[in-house]
Amino acid sequence: MADTSSRNEIGLSHCRPDAKGPPNPARNKGSCLRKIIELACTLPTGVVVDGTVGGGGHAAAILSSAPQLRVLGLDRDPVARAQASATLAEFGQRARVVAATFGDLDDVVEQESTWIADEPV
């Protein structure tokens, strides 16, 4: 049986049993992480917007536990975007990181319409 202790610490135990969790749980210390993952596991296929993607830890947790989802990460900080891009690289086309703020969401959704396709955002 797989060791689930690290998944339990970050709230992944109730999701896919084979979920790896985020690449570095230390980056994901947040009071809302467990709730975010619980919600992500219940969502239908679609695109989740992370309006402040930072280093990409929460986005990685979502992608690890909810294979039906893709993440569009926004951040205005180029250092954060670079870190998020590196963190999310293992998820390939399921993750996209762009230079923007949450206030730019309408424009970003329009610009990324080909990537989003017909999936709900």
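This section describes the nonpolar cores of a predicted model and the surroundings of residue R70.

In soluble globular proteins, nonpolar side chains tend to be buried together. In the present model, the largest nonpolar core comprises 14 residues. Those with the most contacts inside this core are I62, L63, L69, V71, L88 and F91. Three elements each supply two or more residues to the core: α3 (57-65), β2 (69-75) and α4 (78-88). The greatest contribution comes from α3, which gives four residues.

Within the largest core, L63 was examined by its contacts. When residues up to four places away in sequence are not counted, L63 touches L69, R70, V71, L88, F91, R94 and A95. Among these, L69, V71, L88 and F91 are also listed with the most contacts inside the core.

R70, one of the residues touched by L63, is located in strand β2. The relative accessible area of R70 is 13%; because buried means under 20%, R70 is classed as buried. Two polar contacts of the R70 side chain were identified. With neighbours within four places in sequence left aside, R70 is in contact with G46, V47, V48, L63, Q93, R94, W115, I116 and E119.

Terms used: Residues numbered from 1 in each chain as written. Predicted model: local features only at pLDDT ≥ 70, side-chain atom pairs only at ≥ 80, totals over all residues. Heavy atoms only, no water. Core = buried A, V, L, I, M, F, W, Y, C linked by side-chain atoms within 4.5 Å. Buried < 20%, exposed > 50% of the residue type's maximum accessible area, 1.4 Å probe, protein only. Contact = heavy atoms within 4.5 Å. Polar contact = N/O pair within 3.5 Å; in protein donor to acceptor, adjacent residues only side chain to side chain.
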